[in-house]
Amino acid sequence: MKRLLGLIRSCIIIRVERWPGNILYFWLIMSNELNRDDILSRVLSGGSLTGAEALHLYQTTPLPELMALGHQVRMFLHPDMEVTWQIDRNVNYSNVCVSGCAFCNFYRTRNHAQAYVLAAEDYDEKIRELFRLGGDQLLLQGGLHPTLGLEWFEELFRSLKQRYPALRLHALGPPEIHHLATREGMSYHDVLLRLRTAGLDSLPGAGAEILCDRVRGMISPAKCTSEQWLEVMRQAHRIGMPTSATMMFGHVETPEERVEHLMKIQRLQQERPAGSPGFLAFIPWPFQAAHTRLQRQYPDLVPPTAEDYLRLIAISRLVLNNVANIQASWLTVGPQTAQIALWAGANDLGSIMIEENVVSAAGSSNRMDAPGMQETIRKAGFVPRRRDQEYRYLPDPEPVL
Ligand code: SF4
C-alpha cells in the first residue's frame, strides 16, 4: 500500500512539474512531505531527483536527516570506509585578468605593480618540490589575460611536459577556454584539442560560481555565461577529457539558484558520451568574503554557516548520483567541518594544495600537509587512500625528512 501511494505521489509530481513553478511549490508545501524512502530508493537505483523535489528536500529536511540521506547515497556509491585525497600543487601562471570579478582579490590589471606572468624557469623549483613531496600534478590556473594566446599556452604545456614527462596538467577552466576561443576565433572543441595535444590532461571546473546568469551578471559580468561554461564542459566530455565541477555559494544567489546549478550539472553529466569520464567530482565551497569588492557592495551579506555547507554537501550527493565523487573543501570550511561533511555525502578531501594563492587572498588561512590530511581522515572515522586526478589509488607518499 505504501509503495502504491508513493507511486501515485510520484506520478502527481511528474504531472505537476509541467505546471508553473509557484503552483508546484504550493503543492509540495501542502503535501508537506515527499516520501523520503521513495526518493532514496529512486536515487540508489540511478534515477534522478527533479528540481522541485531537490529544492523541497534541501529546504525542509532537518539537517541530521538530510546528512543521513547523503551518507546513504555515498555508502551505496562507495561501499567502504575510505576517503580519498591527493597531492598536487597550485601554480598561478599569471595574476593578470580582464574579468574583474567582484569576489576576487587575486587578480591585477596588466599595468599594476604586482602584475606578473611566470617564466618557464619559475616552474622548475616548484615542480621539483612537488615531486619531492610525492605529487605529480600541477593545478595550473590564472586569469583572463588580455594578450596571452593559445600558442603561448601550447608552448608552456609542451615545455613542461618535455622537461618533466611524469608531470600531469590539470589546467585552466571553462572561462579561460572561452576567452581563448573568442580571442582566436576558434571553437571550444578545437581549442581543447590543441591544448590536449600540447599536454593538458584534465580540465578543472573553475569559474562556475553559480550557473545562473542573474547571479553571474552581479558577481562576474565579464566572464562566460552559464550556458557557455556548460558548453565548454560538453565539448571536453565529447573528446573524452576528464573534468570536475564546482560551485561557489553563499553570496547573492537564492536556494532555488543553487538547486538550478546542481540540476544543470546533473543533466550535462547525463549527456556525456558512453566511455567519457565526464565530471569526476563535484566540489562546492562557500564564498570567502574578506576584503572583496562584493562584500563592500553588499555589506549585509551573511556568510554561509557550517550547517549551510553540510546541507549543500548532502543535497549535492542526492542530486548528483551520476557524479562519482563529492569533495569536501577543507581549505575553505576548515578541517573540522570537512570531517563532518564526510558523514553528509562527501567521500573525498581533495588535495593538500601546495601553494594556494587564490582562496587565501580572500581570507582562508587553513593549511594541511600529507600526514595532517591522513590524520584528519582517520580522526573522522575513515581510512585515507591517496589518489591521482582520475581517482586511481596511489601508494602513500614516503615521509619527507
Ligand atoms: S576569479 Fe578568475 S576570472 Fe575572475 S577576476 Fe579572479 S582571476 Fe579573473
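How many of the 401 residues in the protein chain are buried? Buried residues make up 46% of them, where buried means 20 or more other C-beta atoms within 10 Å of a residue's own, exposed means 12 or fewer, and partly exposed is anything in between, with C-beta atoms placed from the backbone.

A quick note before going further. This is a predicted model: local features need pLDDT of at least 70 and side-chain atom pairs count only at pLDDT 80 or more, while totals for chains, interfaces and linings use all residues. Residues are numbered from 1 along each chain as its sequence is written.

**Overall layout**

The protein chain has 17 helices and 9 strands. Both are DSSP runs numbered from the N terminus, with helices being H or I over at least four residues and strands being E over at least two. Looking at contacts with a separation of 6 or more, 80% of those in the protein chain come from residues 24 or more positions apart. Two residues are in contact here if their C-beta atoms, placed from the backbone, lie within 7 Å.

**Around the ligand**

Now for the ligand. Its surroundings are C97, S99, G100, C101, C104, F106, Y107, G143, L144, P175, S220 and K223, each counted as near if its C-beta atom, placed from the backbone, lies within 6 Å. Sorted by class, that shell has 7 nonpolar, 4 polar and 1 charged residues. The classes work like this: Ala, Val, Leu, Ile, Met, Phe, Trp, Tyr, Cys and Pro are nonpolar, Asp, Glu, Lys and Arg are charged, and the others, Gly among them, are polar.

**Strands and sheets**

Strands of a sheet pair through backbone hydrogen bonds, either parallel or antiparallel. Two strands are taken to pair if DSSP finds at least two bridges between them.

| Strands | Bridges | Facing residues |
|---|---|---|
| β3 and β4 | 4 bridges | L138 and L169 |
| β6 and β7 | 2 bridges | F282 and I326 |

**Helix α12**

How far apart are the end C-alpha atoms of helix α12? They are 25 Å apart, which agrees with the 24 Å that its 17 residues (255-271) should span at 1.5 Å a residue; the expected span is 1.5 Å times one less than the number of residues. The buried residues of α12 are R258, V259, E260, H261, L262, K264, I265, Q266, L268 and Q269. What do they pack against? Their partners are α4 (51-60), α11 (226-238), β5 (243-249), β6 (279-286) and α14 (306-319).

**A few single residues**

Q295 is found in helix α13 (residues 293-297). Q295 counts as buried because 20 other C-beta atoms lie within 10 Å. Leaving aside neighbours within four places in sequence, Q295 is in contact with A289 and L301. The C-alpha atoms of Q295 and H251 are separated by 8.8 Å, with the two residues 44 apart along the chain.

H291 sits in the loop between β6 and α13. Its phi is near 65 degrees, a positive value in a residue other than glycine. Is H291 buried or exposed? H291 is exposed, because it has 11 other C-beta atoms within 10 Å.

Y391 lies in the segment after β9 (383-386). Y391 also has a positive phi, about 65 degrees, although it is not a glycine. With 17 C-beta neighbours inside 10 Å, Y391 counts as partly exposed.
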